[in-house]
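Please open the model in your viewer and keep the selection panel at hand. The stops below are meant to be followed in order, with each selection building on the one before.

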Amino acid sequence: MYSYPYSYTHTYTYTPFYSVILPIIALVVIIAGGLSLYFLFVRKPNRFEGAVAKLHDALNFRTFYSEKLIRALYCITVVSIVVYSVVLLFSRFFTALLLFVLGNLAARIVYEYALLLLVLCRNTQEINRKMGPLPAEQPVPPAPGAGPTATAAQQPPVPPVNPQPPCPPQTDAPVPPQPSEQPPIPPQDGQQP
């Protein structure tokens with residue numbers, strides 16, 4: 001038997017810095033950093049230029065990077081389905097053929113649906129941007145007889161409706177001159193009528 005003259009022992013010492021203090025410091029830094037980003041960039045309108053303006057747009061989700069990521073992931077998925085179906089072709093022909101057709105079809109449907117949601121969100125934002133801010137909406141008074149009745153003091157005043165007389169029908173015939181409602185002026189002395 002061999003005997004070793006040295007005994008190797010490992011002693012573990014408990015250091016509260018790595019297990020208690022460091023996670024608390026990290027949590028404080030994370031919360032402070034997130035709040036500072038929110039109050040410095042997200043809450044304010046974009047009056048920045050250059051890289052800071054791009055950072056502002058990214059933090060406010062004005063630009064979507066998910067669309068490019070979804071397209072790249074779709075290409076990777078399609079290539080992986082094709083390669084796997086070619087590898088599977090030598091051992092199981094019909095399974096490889098089924099995977100090639102149905103796998104690509106399923107991948108297309110899943111990625112189209114994900115992309116559809118992003119395009120729908122982008123188009124809604126574009127419509128909102130073009131429409132501008134909406135005016136403040138007036139509360140609609142309740143219909144008479146519907147629901148509990150309110151007293152006259154609780155109901156908002158309804159402006160009176162001024163009906164206008166209907167317009168006469170348009171015709172191509174000339175309109176005769178209307179008689180003047182003012183009395184004729186009598187001639188003065190020395191003037192002939």
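A residue is called buried here when its relative accessible area is under 20%, exposed when over 50%, and partly exposed in between, with a 1.4 Å probe and protein chains only. This is a predicted model, in which local features need pLDDT of at least 70 and side-chain atom pairs count only at pLDDT 80 or more, while totals for chains, interfaces and linings use all residues. Residues are numbered from 1 along each chain as its sequence is written, and side-chain values use heavy atoms, with hydrogens and water left out.

Begin with the whole chain, coloured by secondary structure. Helices (H or I, at least four residues) and strands (E, at least two) are DSSP runs numbered from the N terminus, and on that basis the chain has 4 helices and 0 strands, in the order α-α-α-α along the sequence. Of its 193 residues, 9% count as buried. The accessible surface, computed by the Shrake-Rupley method with a 1.4 Å probe, where for residues only the protein chains shown count as cover, comes to about 18,400 Å², and carbon and sulfur atoms account for 67% of that surface.

Next, select Glu67 and Arg122. Glutamate 67 forms a salt bridge with arginine 122, with 3.0 Å between the closest N and O atoms; the term requires a side-chain nitrogen of Lys or Arg within 4 Å of a carboxyl oxygen of Asp or Glu. Because glutamate 67 lies in helix H3 and arginine 122 in helix H4, the pair ties together parts that are 55 residues apart in sequence. Glutamate 67 is buried, at 14% relative accessibility, whereas arginine 122 is partly exposed at 36%.

Which residues line the largest pocket? Select Arg62, Thr63, Phe64, Glu67, Arg122, Gln125, Glu126 and Arg129. A pocket, on a 1 Å grid over the protein atoms alone, is an open set of points where a 1.4 Å probe fits, with protein on both sides within 12 Å along at least five of seven lines, and lining residues have an atom within 4 Å of a point. The volume of the largest pocket is about 160 Å³, and H4 gives the most to its lining, with 4 residues.

Stay with Glu126 and Arg129, which are joined by a salt bridge whose closest N and O atoms are 2.4 Å apart. Both lie in helix H4, 3 residues apart, about one turn of the helix. Glutamate 126 is partly exposed at 32% relative accessibility, while arginine 129 is exposed at 58%.

Now move to serine 85 in helix H3, which is buried with a relative accessible area of 4%. Leaving aside neighbours within four places in sequence, serine 85 is in contact (heavy atoms within 4.5 Å) with Ala96, Leu99 and Phe100.

Finally, select the nonpolar surface patch, which includes Val86, Leu89, Phe90, Val101 and Ile109 and has about 1,200 Å² of accessible area in total. Patches are made of residues with over 30% relative accessible area and no salt bridge, with nonpolar side chains (Val, Leu, Ile, Met, Phe, Trp, Tyr) joined within 5 Å and like charges within 9 Å. Helix H3 (66-89) and helix H4 (93-131) each supply at least two of the patch residues, and H4 gives the most, with 9. Valine 101, in helix H4, is partly exposed at 46% relative accessibility.

Note on methods: Points joined across faces, edges and corners; volume = space filled by probe spheres on them.
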